[in-house]
Amino acid sequence: MKVLLDTSFIVSCIRKRIDFLTGLKEQGFEIFLPREVLQELKELKKKSSTSQEDRLAINVAFEMFEKEDFKKISLGGKNVDLGLIEKGKNGFFIATLDAEIKNSIPNKIVIFSSKKSVGRE
């Protein structure tokens with residue numbers, strides 16, 4: 001099973017101190033990181049409206065991505081959300097908090113805050 005990570009999911013998991021990488025791997029997922037999501041994270045870090053907490057989470061994310069060997073994938077130069085929806089309709093699981101994406105795809109990964117874990121919805 002393949003899963004694509006969305007920006008909101010990454011930042012939220014890190015802020016909540018949820019080890020989403022281990023959780024996904026233990027559930028048998030092969031993790032893919034869209035290049036467009038990496039770019040979104042870089043742009044979000046530069047924005048003056050981004051909170052200090054989110055900036056710290058983004059820094060932690062980049063450190064994690066350097067340590068782990070992630071498979072990078074391109075969404076085809078489309079809008080990130082539309083690219084994720086398209087991949088989700090073609091069999092990928094999508095790890096996101098975005099309601100529009102979640103409502104558009106059959107296979108989603110969500111955060112279980114009370115359990116500090118992630119999994120299929």
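A polar side-chain atom of arginine 55 lies 2.9 Å from the backbone oxygen of threonine 50. The model is predicted. Arginine 55 belongs to helix α4. Its relative accessibility is 21%, so arginine 55 counts as partly exposed; the cut-off for buried is under 20%. Beyond its neighbours within four places in sequence, arginine 55 is in contact with Lys45, Lys47, Ser48 and Thr50. Lysine 16 is 39 residues from arginine 55 in sequence. In space the two C-alpha atoms are 14 Å apart.

Aspartate 54 also sits in helix α4, which spans residues 52-67. Is aspartate 54 buried or exposed? Aspartate 54 is buried, because its relative accessible area is 17% and buried means under 20%. Residues up to four places away in sequence aside, aspartate 54 touches Val11 and Arg15.

## Helix α1

Helix α1 covers residues 7-15. This helix is mostly covered, with 7 of its 9 residues buried. Those buried residues are Thr7, Phe9, Ile10, Val11, Ser12, Cys13 and Ile14. After α1 comes arginine 17, which has a positive phi near 60 degrees.

## The nonpolar core

The largest nonpolar core holds 40 residues. Which of them touch the most other members? They are Leu5, Ile10 and Phe20. Helix α4 supplies the largest share of this core, 6 residues.

Leaving out residues up to four places away in sequence, isoleucine 10 touches Leu5, Phe20, Leu33, Val37, Leu41, Ala61 and Phe65.

## Aromatic pairs

The model has 4 aromatic pairs. One of them joins phenylalanine 29 and phenylalanine 93. The pair is edge-to-face, at 5.0 Å centre to centre and 75 degrees between the planes. Phenylalanine 29 lies in the loop between α2 (20-26) and β2 (30-34), and phenylalanine 93 in strand β4 (residues 93-95), so the pair ties together parts 64 residues apart in sequence. Phenylalanine 29 and phenylalanine 93 are both buried.

Phenylalanine 32 and phenylalanine 92 form another edge-to-face pair. Their centres are 5.7 Å apart, with 85 degrees between the planes. Where do the two residues lie? Phenylalanine 32 is in strand β2 and phenylalanine 92 is in the loop between α5 (80-89) and β4, so this pair links parts 60 residues apart in sequence. Phenylalanine 32 and phenylalanine 92 are buried as well.

Strands β5 (residues 108-112) and β6 (residues 117-120) pair in the antiparallel sense. How many bridges does the pairing have? There are 4 bridges. Isoleucine 111 stands opposite valine 118 of β6.

The hairpin has 4 residues between its strands. Within this hairpin, lysine 116 takes a positive phi near 55 degrees. Lysine 115 meets a ring: its charged end sits over that of phenylalanine 112, 5.6 Å from the ring centre. Phenylalanine 112 falls within the residue range of strand β5.

Terms used. Residues numbered from 1 in each chain as written. Predicted model: local features only at pLDDT ≥ 70, side-chain atom pairs only at ≥ 80, totals over all residues. Heavy atoms only, no water. Phe/Tyr/Trp six-rings, centres within 6.5 Å; stacked < 30°, edge-to-face > 60°. Buried < 20%, exposed > 50% of the residue type's maximum accessible area, 1.4 Å probe, protein only. Lys NZ or Arg CZ within 6 Å of the ring centre and 35° of its normal. Contact = heavy atoms within 4.5 Å. Polar contact = N/O pair within 3.5 Å; in protein donor to acceptor, adjacent residues only side chain to side chain. Pairing = 2+ DSSP bridges. Core = buried A, V, L, I, M, F, W, Y, C linked by side-chain atoms within 4.5 Å.
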